[in-house]
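Hi,

Here is the structure I promised to pass on, with some notes on what turned up in it. Please have a look at it first, then read on.

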Amino acid sequence: MAVEFKCEDWSVQSYSLTCAPKTYTAGRGFGGHKQVVRIKNNYWRGSITLNPLFGQNMISYRGFIGSLEGSGGEFDWCICDPFALKGEGKTQEEWLKLLGYDVSSLCGPDSNGLYGEPFADGTCFVDGTGFYIPPFSKPRINTPVSAGVSEIDFGDAAGFLKCGNYFSTSDGYLHKITKINTSVVSFTPALRRSLSVGEVIETQNPKLRVRLSSDESGTPDIEYARYTGPITLNIEEVMNR
């Protein structure tokens, strides 16, 4: 089982992450045109920079980086994404406010604490409810999905997602949403593996299985034997799973 790297374990100063495909070109011709060939071998790569570490944080990081034994080790990086929608554990009222709803303009809550949207003329049912707004739940796969596809029907959960959000599978394959059409979500890169009915898609704390790009990456410079300077880990996605 891969070691887990969480943002709260050490203070992350910045990170970069890309999954752009490789492109090749022979340059511009006499007419000024340039042909670019795109090879669909996308894989995630980037870097994580930590703020200087002190005391016990420095010691625990030293243990973490030592456990990887260079680029041969793997770890699950829980993406530090402040834009991920954190709906789990919230009431529907709290969740709707997070999404920007004016709860006072909605119908409800009903006996279960759920809200609904008013009808076109602004009225609600006599019991105070309107069009049903589902509470937050992580997307689940309803029908088998084959490897290689780049869109999935997420059902009601798609309404809680936005273009640019990340999501991941249980084994750390990461994807980025590029388009949402009602309940159908398009993403990149295409699915690395098939998905079975009932599998949960992680949208709140997505993770990516990575390794260090080199054996030396992430090695801390210990200053005065008491603290470190900023530390950068250059990473790349692990594919052979």
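Let me start with the rings: this predicted model holds 12 aromatic pairs. One of them joins Phe5 and Trp10, a tilted pair with 5.3 Å from centre to centre and 50 degrees between the planes. Phe5 and Trp10 are both buried.

Another pair is made by Phe64 and Phe75. Their ring centres are 5.4 Å apart and the planes stand at 85 degrees; an angle over 60 counts as edge-to-face, so that is what this pair is. The pair links distant parts of the chain, with Phe64 in helix α1 (residues 55–68) and Phe75 in strand β6 (residues 75–78), 11 residues apart. Phe64 has a relative accessible area of 6%, and for Phe75 the value is 0%. Buried means under 20%, so Phe64 qualifies, and so does Phe75.

Now to the cores. Which residues touch the most other members of the largest nonpolar core? They are Leu50, Tyr61, Phe64, Phe75, Trp77 and Leu233, in a core of 25 residues. Two or more residues each come from β5 (45–50), α1, β6, β13 (207–212) and β16 (231–237). Helix α1 gives the most, with five residues.

Leaving out residues up to four places away in sequence, Trp77 touches Phe5, Tyr15, Leu17, Ile48, Pro206, Lys207, Leu208, Val210 and Ile235. Another core, of 13 residues, lies apart from the largest one, and its members include Ile152, Ala158, Leu161 and Ile201. As background, nonpolar side chains tend to be buried together in soluble globular proteins.

Last, a sheet. Four strands make an open sheet in the order β9-β12-β11-β10, paired antiparallel. At the edges are β9 (151–153) and β10 (166–168), each of which pairs on one side only. From one strand to the next, the twist averages 40 degrees. Strand β10 pairs with β11 (residues 174–181) in the antiparallel sense over three bridges, and Tyr166 stands opposite Lys176 of β11.

Note on methods. Residues are numbered from 1 along each chain as its sequence is written. This is a predicted model: local features need pLDDT of at least 70, side-chain atom pairs count only at pLDDT 80 or more; totals for chains, interfaces and linings use all residues. Side-chain values use heavy atoms; hydrogens and water are left out. Rings of Phe, Tyr and Trp (its six-membered ring) pair if their centres lie within 6.5 Å; planes under 30 degrees apart count as stacked, over 60 as edge-to-face and the rest as tilted. Buried means under 20% relative accessible area, exposed over 50%, partly exposed in between (1.4 Å probe, protein chains only). Two strands pair if DSSP finds at least two bridges between them. Axes are lines fitted to C-alpha atoms, for helices over the stretch in contact, and angles run from 0 to 180 degrees between N-to-C directions. A nonpolar core is a set of buried Ala, Val, Leu, Ile, Met, Phe, Trp, Tyr and Cys residues joined through side-chain atoms within 4.5 Å. Contact means heavy atoms within 4.5 Å.
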